[in-house]
Amino acid sequence: QVLVSVSSTMANTIEYQIVCGDLADVSGALALEDAPSGPGQVAEHTFLDYPVGTCDITLTVRDDEGAAACTGSFQADVETEETAMVSISLICPEPPE
């Protein structure tokens, strides 16, 4: 499971790319919702059926104009018949006024 939490009011979408060597390269976008407690927005998604090995996960948060507000990455080890639990938190600074 990949849990993404964003603590910024300027984020609308979060894009992901998951690369597992030459075996998998998947990208897409997740919708963000208001956090149930505290400020910011969150997105949760479970990614399934990735090959055994190391996968690189890259996240990009976009603002209202579509510009990259912040990015982050993480390397996860996928094992046979195991669930790789990954939690990635991105803190996006507010733009200067």
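1. What pattern does the chain follow when read along the sequence? The answer is β-β-β-β-β-β-β-β. This is a predicted model, so please read each point below as a description of that prediction.

2. The chain has eight strands and zero helices.

3. Four of the strands deserve attention as a group. They make an open sheet, in the order β3-β2-β6-β7. The pairing in this sheet is antiparallel. Two strands sit at the edges: β3, residues 24–31, and β7, residues 68–78. Each of these edge strands pairs on one side only. From one strand to the next, the twist averages 15°.

4. Look next at the pair β2 and β6. Strand β2 covers residues 13–20, and strand β6 covers residues 53–62. The two run antiparallel and are joined by seven bridges. For a place to start in the viewer, take Q17: T58 in β6 stands opposite this residue.

5. Contacts across the sequence come next. Consider those between residues at least 6 apart in sequence. Of these contacts, 57% join residues at least 24 apart.

6. How much of the chain counts as buried? The figure is 34% of its 97 residues, where buried means under 20% relative accessible area.

7. A last point concerns the surface. The accessible surface of the chain comes to about 6,200 Å². Carbon and sulfur atoms account for 48% of that surface.

Notes:
Residues are numbered from 1 along each chain as its sequence is written. This is a predicted model: local features need pLDDT of at least 70, side-chain atom pairs count only at pLDDT 80 or more; totals for chains, interfaces and linings use all residues. Side-chain values use heavy atoms; hydrogens and water are left out. Buried means under 20% relative accessible area, exposed over 50%, partly exposed in between (1.4 Å probe, protein chains only). Contact means heavy atoms within 4.5 Å. Accessible areas come from the Shrake-Rupley method with a 1.4 Å probe; for residues, only the protein chains shown count as cover. Two strands pair if DSSP finds at least two bridges between them. Axes are lines fitted to C-alpha atoms, for helices over the stretch in contact, and angles run from 0 to 180 degrees between N-to-C directions.
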